[in-house]
Amino acid sequence: MLCYRRFWYFFWRTQARQANFLPTDLSYLFLHVYEVLHLIGFSTPQAAFDYLVKFWEHYRILQPKLDSYLMDWLADFLVVYGLPESPLNWYVNLVRAENRLADPDLAIHAWLH
């Protein structure tokens, strides 16, 4: 059973990196996100960030729990890797796209910004 799961994960991950986002279990999504957060398979932090945004936009429909994590993790990613977009600007873009932020103070601050 373990060999099958490993085979599926690596097959699915390869497909996801080619923007063929196949349905899979939430645990595989998080495992892959952890890899991307550590830049595994990406040459630059910006490439990893852009990929994670597309990944999240696709899978959040199938797995709404991702919103609770990835919105904030992506903001943290901007800071950790020193990307040019500010975390507040990231939140502003989320609010503009009608995403709900878990932190009401942050949502108000982003909306006012």
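**Exercise 1: the chain as a whole**

Of the 113 residues of the chain, 37% count as buried, where buried means under 20% relative accessible area with a 1.4 Å probe, protein chains only. This is a predicted model, in which local features need pLDDT of at least 70 and side-chain atom pairs count only at pLDDT 80 or more, while totals for chains, interfaces and linings use all residues. Residues are numbered from 1 along each chain as its sequence is written, and side-chain values use heavy atoms, with hydrogens and water left out.

Task: state how many helices and strands the chain has.

Solution. The chain has six helices and zero strands, helices being DSSP runs of H or I with at least four residues and strands runs of E with at least two, numbered from the N terminus. Read from the N terminus on, the elements therefore run α-α-α-α-α-α.

**Exercise 2: the packing of α2 and α3**

Task: describe how helix α2 packs with helix α3, and which residues meet.

Solution. Begin with the geometry: α2 (residues 26–37) and α3 (residues 45–62) pack at an angle of about 165 degrees, with their axes 10 Å apart; the axes are lines fitted to C-alpha atoms over the stretch in contact, and angles run from 0 to 180 degrees between N-to-C directions. That makes α2 roughly antiparallel to α3, a term for angles over 145 degrees.

Next, take the residues: Leu-29, His-32, Val-33, Val-36 and Leu-37 in α2 meet Ala-48, Tyr-51, Leu-52, Phe-55 and Tyr-59 in α3, contact meaning heavy atoms within 4.5 Å.

Technical notes. Parallel < 35°, antiparallel > 145°, perpendicular 65-115°, else oblique. Buried < 20%, exposed > 50% of the residue type's maximum accessible area, 1.4 Å probe, protein only.
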